[in-house]
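Subject: Structure for you to look at

Hello,

Here is the structure I promised to pass on. Please open it beside this email and follow along.

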Amino acid sequence: NWRSALVKGEMLAQIAADSNTTLLIWALAIMSYEACPYSSSQAVYFSVAYKDSITQTFLLGEYLSAGDPPVSMQRTVSGKMNKDLTFELKVYQESDEDMDLPEIEVSREHYEFAIKDGKVSLVKEKKELPVKVKRKVS
């Protein structure tokens, strides 16, 4: 239920990429009430301001954890922004269908993007097939 979630946003930086493009970097944290189901997300986004208008907003990094026992998942999105207005995202996700089973499912994805004339476009993507791995015992 969205009414029981805590949402907090914060501007982190403003970067002049070129004479027409400014990147606004900001963070958003969302947490549900501590109960089942639960979710928690800390994310960094950037908005593209092109010729003084926001054209797009895009995820740059995230840690997400969610679950409703016995099911749970964790996802990490690691982003890297380059000076030439290209960026890449690496996605790592663990999906747990049942906490009592000895395996979890792991998936990995890699994306490359470019920002041109205020628009984000996909340049390259690679998605690995999900694999089952042995659960880490803590």
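**The largest pocket and its strands**

β6 gives the most to the lining of the largest pocket: four residues. Keep in mind that this is a predicted model.

Start with the pocket itself. Its space comes to about 260 Å³. The lining of the largest pocket has 15 residues. Which of them lie nearest the centre? They are Gln74, Glu94, Asp96, Ile104 and Arg135. Two or more lining residues come from each of β5, β6, β7 and β9 (131–134). Sorted by class, the lining holds six nonpolar, four polar and five charged residues.

Now look at the strands. β5 covers residues 71–81, and β6 covers residues 86–96. The two pair in the antiparallel sense, over ten bridges. Find Gln74 and look across: Glu94 in β6 stands opposite. Both Gln74 and Glu94 are also among the residues nearest the pocket centre.

β5 and β6 form a hairpin with four residues between the strands. Check Leu85 in this hairpin, which takes a positive phi near 65°.

Next, move on to β7, residues 103–116. How many bridges join β6 to β7? There are ten, and the strands run antiparallel.

Best wishes

Conventions: Residues are numbered from 1 along each chain as its sequence is written. This is a predicted model: local features need pLDDT of at least 70, side-chain atom pairs count only at pLDDT 80 or more; totals for chains, interfaces and linings use all residues. Side-chain values use heavy atoms; hydrogens and water are left out. Two strands pair if DSSP finds at least two bridges between them. On a 1 Å grid over the protein atoms alone, a cavity is a set of points where a 1.4 Å probe fits but cannot get out, and a pocket is an open set with protein on both sides within 12 Å along at least five of seven lines; lining residues have an atom within 4 Å of a point. Grid points are joined across faces, edges and corners, and a volume is the space filled by probe spheres set on the points. Ala, Val, Leu, Ile, Met, Phe, Trp, Tyr, Cys and Pro count as nonpolar, Asp, Glu, Lys and Arg as charged, and the others, Gly among them, as polar.
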